[in-house]
Amino acid sequence: MMSSPRSPGDSAGPIILFDAECVLCSANARFVLERDRRAVFRLASMQGEVGQALYRQHGMDPNDPSSMIIVEGERMRRDSDAVLSIYERLGYPWKLAALFRIVPAVIRDPVYRFVARHRYRIFGKRDTCWIAPAHMRDRIL
């Protein structure tokens, strides 16, 4: 039996917090939304009210974020663990990203943090925050 898609308002669904001014982060957010056929994920930008509150709730400064995070209930994942947990839930072939778990987090996370620290320099910064297309807006908090 096929499960029905989760309602975007379902509070049990994971929330991806991302930098909507970052070109790479916005592209990744759109990529995830387009491939999340079961509507598992919701997104919140760190520049928005919901995103800032969630960053603070988990002890991070939303004005100087060092990581994208994913929040599911009381659990928070960050750095490479957050990225892998997202891609693992997107289904095949994206769930093959789980293979990167064989690389210890002590190696994965510094690579993630390096890219995160230099994301504007490497990929660019938007003058305005990314706005989801109309058909995706009900999944943005």
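Guide: The buried residues of α3 are D79, S80, A82, L84, S85, I86 and Y87, where buried means under 20% relative accessible area, exposed over 50% and partly exposed in between, with a 1.4 Å probe and protein chains only. That is seven of its 10 residues, so the helix is mostly covered. Helices (H or I, at least four residues) and strands (E, at least two) are DSSP runs, numbered from the N terminus. Before going on, please keep in mind that this is a predicted model: local features need pLDDT of at least 70, side-chain atom pairs count only at pLDDT 80 or more, and totals for chains, interfaces and linings use all residues. Residues are numbered from 1 along each chain as its sequence is written, and side-chain values use heavy atoms, with hydrogens and water left out.

What do the buried residues of α3 pack against? They pack against β1, α1, β3, β4 and α4, a contact being heavy atoms within 4.5 Å. The helix covers residues 79–88, with D79 among them. D79 is buried, with a relative accessible area of 2%. Leaving out residues up to four places away in sequence, D79 touches S66, S67, M68, D109, Y112 and R113.

Further along, I86 is in contact with I16, V32, F41, M68 and I70, again leaving aside neighbours within four places in sequence. I86 and Y87 are also among the residues with the most contacts inside the largest nonpolar core, together with I16, F18, V32 and F41. A second, separate core of nine residues includes L17, A44, L54 and V71.

Now for the sheet. Four strands form an open, mixed sheet in the order β2-β1-β3-β4, and two strands pair if DSSP finds at least two bridges between them. β2 (42–45) and β4 (75–78) stand at the edges with a single partner strand each, so one side of each is left without a neighbour in the sheet. α3 lies across β1, β3 (69–72) and β4, running at about 105° to β4; axes here are lines fitted to C-alpha atoms, for helices over the stretch in contact, and angles run from 0 to 180 degrees between N-to-C directions. Helix α1 (residues 23–35) lies across β1 and β2, at about 160° to β1.

The loop between α3 and α4 holds A97, which is buried with a relative accessible area of 15%. A97 touches L84 and Y87, not counting residues up to four places away in sequence.

Finally, the largest pocket has a volume of about 480 Å³. A pocket is found on a 1 Å grid over the protein atoms alone, as an open set of points where a 1.4 Å probe fits, with protein on both sides within 12 Å along at least five of seven lines; lining residues have an atom within 4 Å of a point. Grid points are joined across faces, edges and corners, and the volume is the space filled by probe spheres set on the points. Of the 21 lining residues, L24, M68, V83, Y112 and V115 are the closest to its centre. α1, α3 and α4 each give two or more residues to the lining, with α4 giving the most, five.

Terms used. Core = buried A, V, L, I, M, F, W, Y, C linked by side-chain atoms within 4.5 Å.
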